[in-house]
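Here are some notes to read beside the model. Please keep the structure open as you go through the points.

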Amino acid sequence: MTDPTYEFTRAITRRPSASITDGLRAEDTGTPDLDQMLRDHAHYVATLKKTGAEVVELPPLEDFPDAVFVEDTALCLPRGAVLMRPGAPSRMGEVAHMAPALRDFYDDVREIVGPGHIEGGDILVTGREILVGRSDRTDAAGVAELTRIVSDWGHNLREVFTPPGVLHFKTDCSLLDGDTILATQRLDASGCFDGYRVLHVADGEEAAANSIRFNQFVLMPAGFPRTAEMLDKAGFEVVEINNSECAKLDGGMSCLSLRF
Ligand code: CIR
């Protein structure tokens with residue numbers, strides 16, 4: 001399998017809508033401020049563009065408060081894209097709004113038809129395999145259906161488990177290069193990354209694990225100085241993006257784009 005993680009030429013994002021105040025959250029830590037979120041989102045998009053990648057900016061969807069978190073609606077691979085079937089009922093309708101954008105770029109767009117559920121936030125594509133974490137949003141049937149689809153394109157898929165109380169698998173990890181993963185200690189302790197090089201986020205900075213490596217940059221939520229310094233020393237060019245408003249909705253750097 002070729003390494004699909006190394007160089008990205010495109011990303012798809014969606015601007016936040018005013019309805020973001022109704023977005024899903026595990027606990028209420030305050031109402032997200034739309035203006036601040038728009039500023040942070042603009043910084044995020046500008047950073048992706050700075051790498052030379054083309055960034056598609058889809059319009060807000062008022063009827064879908066969580067639609068800014070586009071990652072959960074699809075999986076983008078070198079040979080095709082797969083439309084997801086979110087486990088959160090309020091997010092199911094987002095998928096149909098993502099489909100046309102994917103068809104602009106891919107000849108082969110498949111779909112998880114169910115009965116299972118799967119969200120993109122639970123999927124980590126590494127240089128050698130696709131890891132999918134079962135979670136409250138992603139079940140065995142969803143994983144099985146995705147396994148059948150991606151095997152047509154030559155990918156190995158391995159089912160793993162998102163820790164209890166953690167929204168998505170990638171809430172706690174991200175890929176830094178084909179073989180290097182940034183993860184929380186609690187997720188790494190499950191053994192799911194055996195054989196990989198794993199860098200741990202600093203104690204107390206668990207939310208820094210939801211970062212993304214996009215071409216020459218690692219986009220990281222701001223406010224986690226020890227993890228930022230560790231990545232800098234490891235040779236990564238870190239760009240810190242304010243994430244205070246998305247964090248109120250359990251969202252972070254990976255959720256805000258589809259990258260391919
Ligand atoms: C949700 O609960 O679905 C949204 N409020 C947050 C989604 C975050 N997405 C992600 O981690 N991939």
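Is Cys255 buried or exposed?

1. Cys255 is buried. Its relative accessible area is 8%, and the cut-off for buried is under 20%. Keep in mind that this is a predicted model.

2. Cys255 also belongs to the ligand site. It is listed among the closest residues to the ligand, together with Asp66, Asp72, Arg91 and Leu249. In total, 14 residues surround the ligand. By class, this shell has 6 charged, 5 nonpolar and 3 polar residues.

3. Asp66 places a polar side-chain atom 2.8 Å from a ligand nitrogen. Glu71 has a side-chain N or O atom 2.9 Å from a nitrogen atom of the ligand.

4. How much of the ligand does the protein cover? On its own, the ligand has 350 Å² of accessible area, and the protein covers 99% of this. As for location, the ligand sits in the largest pocket.

5. Now the cysteines. The structure holds 0 disulfides. Cys173 is in no disulfide, and the nearest cysteine sulfur belongs to Cys192, 6.8 Å away.

6. Why does Cys173 count as buried? Its relative accessibility is 1%, and buried means under 20%. Cys255, at 8%, is buried as well.

Conventions: Residues are numbered from 1 along each chain as its sequence is written. This is a predicted model: local features need pLDDT of at least 70, side-chain atom pairs count only at pLDDT 80 or more; totals for chains, interfaces and linings use all residues. Side-chain values use heavy atoms; hydrogens and water are left out. A residue is near a molecule or strand if one of its heavy atoms lies within 4 Å of it. A polar contact is a pair of N or O atoms within 3.5 Å; within protein, one must be able to donate a hydrogen and the other to accept it, and residues adjacent in sequence count only if both atoms are side-chain atoms. Accessible areas come from the Shrake-Rupley method with a 1.4 Å probe; for residues, only the protein chains shown count as cover. On a 1 Å grid over the protein atoms alone, a cavity is a set of points where a 1.4 Å probe fits but cannot get out, and a pocket is an open set with protein on both sides within 12 Å along at least five of seven lines; lining residues have an atom within 4 Å of a point. A molecule sits in a cavity or pocket if more than half of its atoms lie within 2 Å of its grid points. Ala, Val, Leu, Ile, Met, Phe, Trp, Tyr, Cys and Pro count as nonpolar, Asp, Glu, Lys and Arg as charged, and the others, Gly among them, as polar. A disulfide is a pair of cysteine sulfur atoms within 2.5 Å. Buried means under 20% relative accessible area, exposed over 50%, partly exposed in between (1.4 Å probe, protein chains only).
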